[in-house]
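Please read the points below alongside the coordinates.

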2 protein chains.
Amino acid sequence: MSGLTNRRIVLAARPEGRPTPENFRAEDTAAPEPGEGELLLKVLYLSLDPYMRGRMSAAKSYAAPLGLGEVMLGGTVAQVVRSRHPDYAEGDHVLSFSGWQSYAVSNGEGLRKLDPSAAPLTTALGVLGMPGFTAYSGLFTIGRPQPGETVVVAAASGPVGATVGQLARIKGARAVGIAGGPDKCAYVRDELGFDAVVDHRAPDFAERLKEACPKGVDVYFENVGGAVWDAVFPLFNDFARIPVCGLIAQYNSTGEFPGPDRLPGVMRDVLSKSLTLRGFIQHEFVRQFPDFHREMSAWIREGRVRYREDIVDGLDRAPEALIGLLDGRNFGKLIVKVGESA
Amino acid sequence: MSGLTNRRIVLAARPEGRPTPENFRAEDTAAPEPGEGELLLKVLYLSLDPYMRGRMSAAKSYAAPLGLGEVMLGGTVAQVVRSRHPDYAEGDHVLSFSGWQSYAVSNGEGLRKLDPSAAPLTTALGVLGMPGFTAYSGLFTIGRPQPGETVVVAAASGPVGATVGQLARIKGARAVGIAGGPDKCAYVRDELGFDAVVDHRAPDFAERLKEACPKGVDVYFENVGGAVWDAVFPLFNDFARIPVCGLIAQYNSTGEFPGPDRLPGVMRDVLSKSLTLRGFIQHEFVRQFPDFHREMSAWIREGRVRYREDIVDGLDRAPEALIGLLDGRNFGKLIVKVGESA
């Protein structure tokens with residue numbers, strides 16, 4: 001064995017509704033030894049993302065559910081600490097999918113080398129990684145904002161929403177963000193440069209959103225669902241496009257939803273306004289990734305795309321951090337610092 | 001004046017739910033006289049279509065509502081009986097939008113000349129007209145069926161559904177139709193050549209539909225809504241496309257729909273299966289019309305697309321015929337014969 005101790009967090013029990021700390025269990029095991037053609041990775045950073053809630057349930061989402069006792073999954077930035085693979089040397093930094101643990105063995109499949117001098121390593125989990133690519137591919141491929149159109153996105157201080165709004169502005173559209181609380185709203189408006197921002201905690205939220213969209217809504221990038229959907233829905237213009245990449249507001253719900261049934265009204269407007277509703281997972285557009293990485297890196301260098309990270313120190317704090325994420329308590333891309341780079 | 005009597009049917013009262021004969025009123029007036037640059041049309045055939053129900057309500061649909069006392073609107077085949085327009089001669093046949101009346105004046109705008117020797121005049125209201133073009137444009141532009149895929153359509157004996165299934169087969173897809181009652185089902189299977197047909201009146205309809213789609217559903221051409229949607233919804237494959245062109249099952253409903261709320265479940269599957277829901281009105285694709293007309297005419301000549309018409313004699317029977325249409329009582333494209341060709 002490698003002589004190293006692997007701290008890992010497994011799925012202890014499936015959540016009923018909102019996850020609790022009891023759904024997770026920390027374990028210490030011996031870190032595995034890499035075989036021929038394999039390498040041992042030390043995890044430096046773990047990404048926490050809303051999709052993880054779905055994988056904790058038994059129901060099929062866009063991927064198979066996680067088994068009880070299995071290591072919680074997730075994207076990671078890691079460093080090669082031992083290599084028996086010809087393409088990797090000790091000290092190399094990689095993007096991997098090693099999950100909630102401090103060490104993992106890989107055969108190299110699915111790894112992507114990272115250059116720490118080109119961009120901060122954590123950006124590979126955020127603005128230059130899955131959340132940024134979700135924003136880019138969904139907005140440009142499905143939303144297709146045109147100059148002068150209005151683009152609305154919720155969780156606008158989060159890594160997907162923040163990027164959606166800034167990319168909409170790069171395309172000449174008007175970006176309207178939705179966020180929770182004065183600090184996040186100020187950040188979205190003043191730091192990210194959205195044209196307008198609305199606090200979804202305001203009692204007159206729907207009315208304020210309508211005022212912020214005087215020409216209606218042409219693109220709604222749906223990443224939350226729930227009450228935000230209800231407020232945006234009446235504002236859609238004819239031919240509005242709605243990329244659907246997340247529904248965090250309903251991930252913790254179980255069983256039937258009480259009436260009235262909103263589906264007939266939604267279908268009526270889909271028809272009468274020629275709306276497009278299109279679900280997607282960024283992986284569908286993976287061939288766009290090189291273009292994304294090149295363009296987004298340039299926009300970051302030019303200051304046209306900004307990002308914010310919310311870094312939590314220590315793997316053991318990952319469960320509470322994920323629970324907070326589902327409650328909207330993070331501020332920026334949520335990342336757990338798991339270990340130190342050599 | 002022209003000396004001719006114009007029989008017309010106007011909207012007498014807005015329906016609450018299902019329309020009744022009292023919502024309509026027949027009137028006799030003097031037919032108008034065409035001015036310079038105008039022509040007088042004698043209506044030969046009037047098309048009855050589900051969208052008319054929406055225009056009878058006060059709520060905005062994809063067009064402004066009809067005013068009380070206004071002539072019921074509709075597509076028509078007409079003959080020029082007097083012309084003061086350089087492009088039209090007496091005796092010419094045209095497609096017009098003259099509505100529920102026996103005579104109308106036109107300035108030529110929106111008219112399309114018809115050649116009665118090329119195809120029966122009534123086909124301009126059905127398979128070679130708006131319903132056929134709705135099927136063609138929605139299926140090919142939004143549904144995009146691929147060889148081996150499964151395409152489901154309801155109202156499969158009607159002018160849109162019948163065409164959707166036959167076009168799906170031309171593209172190498174498997175066509176599954178839904179119709180009401182044994183006569184319509186036999187027609188869909190035996191005359192139109194669908195691969196399978198399911199009677200939506202069967203008590204185990206959902207189970208039978210599932211059996212008829214052993215490889216799931218890749219395209220659902222939505223023209224009815226209601227219980228058919230509920231049966232198709234669980235069968236969608238990843239990346240299924242759902243062109244939405246009609247919701248006849250809910251046109252007569254008023255007020256809120258009782259729970260449970262189906263929207264969260266639909267949004268969940270839109271996300272997890274990367275579904276596309278896209279409402280459309282055929283007019284959006286009007287530039288495809290010449291291609292449609294050429295291709296469809298050829299397919300009809302070759303016997304690859306068949307159609308059926310349900311012709312009602314006399315304008316005064318139009319109200320009861322439209323009510324029957326909304327109840328699913330017509331069998332084929334519903335047309336009212338209003339007058340005789342000269």
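1. A salt bridge here is a side-chain nitrogen of Lys or Arg within 4 Å of a carboxyl oxygen of Asp or Glu. By this rule, 2 salt bridges cross the interface of chain B and chain A. One of them links the side chains of B:Arg262 and A:Asp261, at 2.6 Å from N to O.

2. This is a predicted model, in which local features need pLDDT of at least 70 and side-chain atom pairs count only at pLDDT 80 or more, while totals for chains, interfaces and linings use all residues. Residues are numbered from 1 along each chain as its sequence is written, chains are lettered from A and ligands numbered from 1 in the order in which they are written, and side-chain values use heavy atoms, leaving out hydrogens and water.

3. The interface takes 35 residues from chain B and 35 residues from chain A, where contact means heavy atoms within 4.5 Å. About 3100 Å² is buried between chain B and chain A, 65% of it on carbon and sulfur atoms. Buried area is the accessible area (1.4 Å probe) that two parts lose on being put together, summed over both.

4. Next, the sheet that runs through both chains. Helices (H or I, at least four residues) and strands (E, at least two) are DSSP runs, numbered from the N terminus, and two strands pair if DSSP finds at least two bridges between them. An open sheet of 12 strands has the order β10(A)-β9(A)-β8(A)-β11(A)-β12(A)-β13(A)-β13(B)-β12(B)-β11(B)-β8(B)-β9(B)-β10(B), with mixed pairing. Its edge strands, each pairing on one side only, are β10 (196-199) of chain A and β10 (196-199) of chain B. On average, neighbouring strands of this sheet are turned by 15° against each other, direction ignored.

5. At the chain A end, strand β9 (residues 174-179) of chain A runs parallel to β10(A) and is joined to it by 4 bridges. A:Gly177 has A:Val197 in β10(A) as its bridge partner. Helix α5 (residues 205-212) of chain A lies across β9 and β10 of chain A, at about 175° to β10(A). Such angles run from 0 to 180 degrees between N-to-C directions, with axes fitted as lines to C-alpha atoms, for helices over the stretch in contact.

6. Chain A also has antiparallel pairings among β3, β4 and β5. Strand β3 (residues 39-47) of chain A pairs with strand β4 (residues 76-83) of chain A over 7 bridges, and A:Leu41 stands opposite A:Val80 in β4(A). Between β4(A) and strand β5 (residues 93-96) of chain A there are 4 bridges, with A:Val77 opposite A:Leu95 in β5(A).

7. What angle do the axes of α2(B) and α9(B) make where they cross? The axes of helix α2 (residues 130-143) and helix α9 (residues 289-301) of chain B come within 10 Å and cross at roughly 110°. The two helices α2(B) and α9(B) are therefore roughly perpendicular, a term used for 65 to 115 degrees. Residues making the contact include B:Phe133 and B:Tyr136 of α2(B) and B:Phe292 and B:Trp299 of α9(B).

8. Some loop residues deserve a look. A cis peptide bond joins A:Gly259 and A:Pro260, with omega about 5°; A:Pro260 lies in the loop between β12 (236-244) and α7 (263-272) of chain A. In chain B, a cis peptide bond joins B:Gly259 and B:Pro260, with omega about 5°. B:Arg144, in the loop between α2 and β8 of chain B, has a positive phi of about 40° although it is not a glycine.

Definitions and conventions. Parallel < 35°, antiparallel > 145°, perpendicular 65-115°, else oblique.
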